[in-house]
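Here's a quick walk through the model you have open.

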Amino acid sequence: MKNQLLSRRQALKLSAGTVAATGLGLYAPAVISSDPITLRYLGTAVSMGDEVQKKLFEDTGLKVKFIAVTTDEVTKRVLTQPNSFDIVDTEYFSLPKLVPSGNILGMDTKRIKEWDNVTSIFTKGITPKGKKVGLQGTAPSKVMYLEGSTGKSFAGDVTQYATLIPTIYNADTLGIRPDLIGRPITSWAELLNPEFKGKAATLNIPSIGIMDAAMVVEAMGEYKYPDKGNMTKSEIDLTMKIFTEAKKSGQFRAFWTDFNESVNLMASGEVVIQSMWSPAITAVKSQGKDCIYQPLKEGYRAWAAGFALPKTTKGKKADAVYEFVNWYLSGWVGAYLNRQGYYSAVLPTAKQYMSEDEWGFWMEGKAAKGDIVSPTGAKLASAGEKRDGGSYEDRMGGVACWNATMDENKYMVRKWNEMVAA
Amino acid sequence: MQFSLGKIKPHVGWLALPFALVFFAYFVLPLVLTIIVSFWDYTDYAIIPDLIFDNYIYIFEGCLSNEGGLCLTFKTYLSTFFFCFFTWLITLVLGFCVAYFLAFYVNSIPLQVCLFLVCTIPFWTSNVIRMVSWIPLLGRNGLVNEFFLSLGIIDQPIEWLLYSSFSVILALVHLYTLFMIVPIFNSMIRIDRSIVEAAYDAGASHRQIIFNIIIPLSKTGIIIGSIFVVTVVMGDFLTIGIMGGQQLASVGKIINTEMNYLQFPGAAANAVILLIITIFIIYVMTKFIDIRKEL
């Protein structure tokens, strides 16, 4: 996938000349004087196609160069090479590692035009209609603000400086093969149901895997965590004990670390129920296999990402970063993300760029009136179909916990390794 | 081909300089750094220069008390040794047979080259693609299971074909047999044919020729091939990870996980221990031959 992106990016370079000729004259804003500024964009770039770069250049005259790496690698780079990029797109759960290093600056919310319209899930921890969102784990609303632009600790109150300007987020759950299961699935506890012995899977990424494990343990009624995202040592022991026993009895067909592995496991029928990410569901479906991103009664595990400014980006480059972020939130990208099944941070602007039918399907849980297509033109749903999990309110309102970095992270990783070795 | 270092004229010694520099910059220096960092302290977001033994103590925590079975480190090494031993044994037998065939039964050089190329086929695709393609072959609904089902040999798909120790060793053998073939072939091709003929004329059986002549004279190749296979498998985490369904432990995977969680000093300490153990294995192997003399 990454190779494809690269080659398309190279193709874009060739066409950039023609775009510049038509685009620059009409749209060039004041910041851009003569040569276009290229921002080095560090992130996983899961959601960013070339259309985004093209549209960005048309609208603002800015260029971005993607440095696409894995989530863990993003964290490593911010800590070890903060001058190798101009803007970073990272996850909220990495912040407890990033902020104390002082390598990222707080972003001035006064310079973000749409800041007041950023969804209240980030700023207040409630959905737009006022439903309280589960705040266990590293919930964005808990790590949203810094005391000052160079603060090294999180602020308790609302301040002028945001750690990350939210870009993309979603609610994750279990994926299932309804055709191979043949009955309704309603609880996380089903992951360890002996009925699916040898046909279940989870991910071998400890920090996310343990959250899914905690959802399962709680659903089984074994234990109720005060905070799944920040377990004590004995809670980690308890969680891992249950999973180790399940693993020893052959419950899991495999663990996966790579997105494509999860797609293969599911599409081949090796696995019928597993922890999964939403684009993986789409990938399985595009192979003609029935696959559902199953809403469960205990709720979702959510994640969120956003933009941060490294301390080394200054002056004109920093201005360009703010311009880029403002453009990102102005609607076109939001619609682009929503069409892939993710959610955008500023909903009203994204709505302007989506048709009524698209908005109804993706955000309001309504049945599609016509075909629903992805930004690349692949058909995702036909008329009459509804989105798994329903509306934005239902899905985000049903969030139980967020991806997290625990205080006992080191112990957790060790216990996880012990489970793998068991 | 037989010369010793002592015979090299002193004034051409500088020819070794470029390689020595590369060796120093990309091997000695990183290794020294790894050893130094293994004594440092660390937090979630920083590594702190220090001289502590905590990282090593942490690795062997619970290993002496033996409470609740083996500790993580012993279990992991046991699992790694297991894969290492069987991969070594199978690649050795296979590699020896293939090399023997290539050296003694294929007489035309173009054909030998051609067959060598065939041996490199496993390396023509990327690691990930190769791993993924095992699923349609060995999976629950894969070709092998369907074949056995259709013959009526089994009535349930065999589960242990994929994501098991079997599939891990299969994939490792598939990958690394070439590392055995090349050095063993290289040794065999230099065996003087007249010795074999003399043995034959003196009435030695086929078996006696292999065990008393070919094997002793290919010992160098066997040991070099063994060193390749053992070092590669000891550090492997990709193949064991993917083919074992991430459910089987390997030392490499533990180091990989620690790196991902920015626990560099912990990973460095683990790497140093892995290095010591691997070097020890190689040391024992080289006791069987004097490589410098044999080359």
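## Where the chains meet

This is a predicted model, so take what follows as a reading of the prediction. On the chain A side, 32 residues are in contact with 25 residues of chain B. The elements of chain A that put two or more residues into that side are helix 3 (71–80), helix 4, strand 10 (252–256) and helix 16 (409–421).

Which element gives the most to the side of chain A that touches chain B? That would be helix 16 of chain A, with eight residues.

## Two domains in chain A

Between them, 24 residues of domain 1 of chain A are in contact with 25 residues of domain 2 of chain A. On the domain 1 side, helix 4 (95–98) and strand 13 (300–310) of chain A are the elements that supply two or more residues. Sorted by class, that side of domain 1 has nine nonpolar, nine polar and six charged residues. Helix 4 of chain A also turns up among the elements listed for the side that touches chain B.

## Helix 14 and its buried side

Now for helix 14 (residues 356–364) of chain A, whose buried residues are A:Phe361, A:Trp362 and A:Met363. Why do they sit on the same side of helix 14 of chain A? Because they cover an arc of only 160 degrees around the axis.

The cover over these buried residues includes helix 12 (332–338), strand 15 (372–373), strand 16 (379–381) and helix 15 (392–397) of chain A. Just past the end of helix 14 of chain A, A:Gly365 adopts a positive phi of about 70 degrees.

## A three-stranded sheet

Chain A also has an open sheet of three strands, ordered 5-7-6, with antiparallel pairing. At its edges are strand 5 (107–108) and strand 6 (145–146) of chain A, each pairing on one side only.

Strand 6 of chain A is joined by two bridges to strand 7 (residues 161–162) of chain A, and the two run antiparallel. What is the bridge partner of A:Leu146 in strand 7 of chain A? It's A:Tyr161.

Notes:
Residues are numbered from 1 along each chain as its sequence is written. Chains are lettered from A and ligands numbered from 1 in the order in which they are written. This is a predicted model: local features need pLDDT of at least 70, side-chain atom pairs count only at pLDDT 80 or more; totals for chains, interfaces and linings use all residues. Two residues are in contact if their C-beta atoms, placed from the backbone, lie within 7 Å. Helices (H or I, at least four residues) and strands (E, at least two) are DSSP runs, numbered from the N terminus. Ala, Val, Leu, Ile, Met, Phe, Trp, Tyr, Cys and Pro count as nonpolar, Asp, Glu, Lys and Arg as charged, and the others, Gly among them, as polar. A residue is buried if 20 or more other C-beta atoms lie within 10 Å of its own, exposed if 12 or fewer, and partly exposed in between; C-beta atoms are placed from the backbone. The arc is that of the directions from the helix axis to the C-beta atoms. Two strands pair if DSSP finds at least two bridges between them.
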